[in-house]
Structures are given as C-alpha cells and as structure tokens.
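Today I am looking up strands and aromatic rings.

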Amino acid sequence: ANNFEINKISGNLIFNSSLVINGGIWTYTAGNIVWNNNTVTCNATTATINNGRFYQLILNNSALVLTLSGNTIVTNTLTLSALVTVDGGTLDAKGDIVNTDVAWNGTGKLIASGTVDQNITSVGDLGNFEINKISGNLNFNAGVSISQGWKYIAGNIVWNNNSVTFNGATGSIDNGEFYNLLINNATMVLTILNNPIVGNTL
C-alpha cells in the first residue's frame, strides 16, 4: 500500500489480511478499523505516517527513514526490527514492544502508555523513550539501550533485574527509577532532570 488514507464517516474498514507499506504516505483521518489481528509491515526506505492507527506494526528496513505526524497508536505489538531514523511525532505503544534494531535516531518519540501490562523485549535501542501508564505494569524482559532520552511520567515498572544503558553522544534523563543504570560513553553530555533514582547499581 502506497499513499493510503482512511477517512470514513460511518461503517467499518475491515482488514482480512496483513499488508505491506513500500513507501509513500499512510494517513488516518477518521473511521472505525477492524484489524482481525492483522499486521502492517513497513519495508520502505522512506515513509510517512500521519496519525496512524494500527493493531500490529512492524518497521523492517535497515535504511528506513520514517516521518511521523501527530500520534501513531499501536494497540497490540510494535516491532522495531530495522530502521535508521524516526522524525516528527510519536509512536504510541499500547501493547508489547519488541525491539531488535541496534540503534536509531531522530526527533520522534516512542511512548509506552497502555492501560494493561506491557512487555518490552529488546536487544537494541529505544531511542527517545517515554513511560506514561495510568495502570498495568511495564515489564522489562531484557536490558535496553537509550541513545537519546528517557522520560518517566507515570506507571509501575517491573525491571526483572535488567539494566538501562545510555550510549549516545548526548542524552537526557527526566525522572524515573531504575534498577541498574549504565552510562557508557566517555564523551556523553547527559542532562538530568527531576531526581531520577537508581535502586541497585549505577
């Protein structure tokens, strides 16, 4: 699907199979979507998503430059397999986050905001990450890396003895309580706000 817009004032848009974004612009304006557990996979090198609404979203191109406008919501699983840059708006994960991408950058933000338990399984970088949960646990099933920023607003975190590693040239920590925190760049310029706490090892 390229240059696809959803703008329905009534009725359902029913997806009976998964689909692939190979480029262009995906826009959600209005309408009820019935996903039937299907997945959207972005295999493009460049793509734009405007206020996306997805059940499952996979970002899967090691050259991908993704531009976001507004808030893109993923209600089930967000998978970051491979990408380079996320610019603009937010990727708002309401369900689990699976991250196997080593590093990505850009002005975009990844948010965990689901009202149920969410699991983070990661061997890669969460980029610019925010936690804002009004209920449910955020379970870290592996350690994570942060190349840009970490912001904690609300939510219970289950660390399972895992660590957060900051490894970018510049970074920021705004609030939060960590189990283990590692600063792993000798030339990093790190901005710290609102008294973050490390419960185990710094």
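Rings of Phe, Tyr and Trp (its six-membered ring) count as a pair if their centres lie within 6.5 Å; planes under 30 degrees apart are stacked, over 60 edge-to-face, and the rest tilted. With that in hand, I found that ring pairs join Phe4, Phe15, Trp26, Trp35 and Phe54 into a cluster.

A note on what I am using: this is a predicted model, where local features need pLDDT of at least 70, side-chain atom pairs count only at pLDDT 80 or more, and totals for chains, interfaces and linings use all residues. Residues are numbered from 1 along each chain as its sequence is written, and side-chain values use heavy atoms, with hydrogens and water left out.

Back to the rings: I get 10 aromatic pairs in the structure. Trp150 and Trp159 have ring centres 6.0 Å apart and planes at 20°, so I log them as stacked. Both Trp150 and Trp159 are buried (under 20% relative accessible area, with exposed over 50% and partly exposed in between; 1.4 Å probe, protein chains only).

Trp150 also pairs with Phe178, and this pair is tilted, at 4.9 Å centre to centre and 45° between the planes. It links distant parts of the chain: Trp150 is in strand E16 (residues 149-158) and Phe178 in strand E19 (residues 177-183), 28 residues apart. Strands here are DSSP runs of E, at least two residues, numbered from the N terminus. Phe178 is buried, like Trp150.

Next, the sheet. I see an open sheet of 4 strands in the order E15-E17-E19-E21, with parallel pairing; strands pair if DSSP finds at least two bridges between them. Its edge strands are E15 (144-146) and E21 (197-201), each pairing on one side only.
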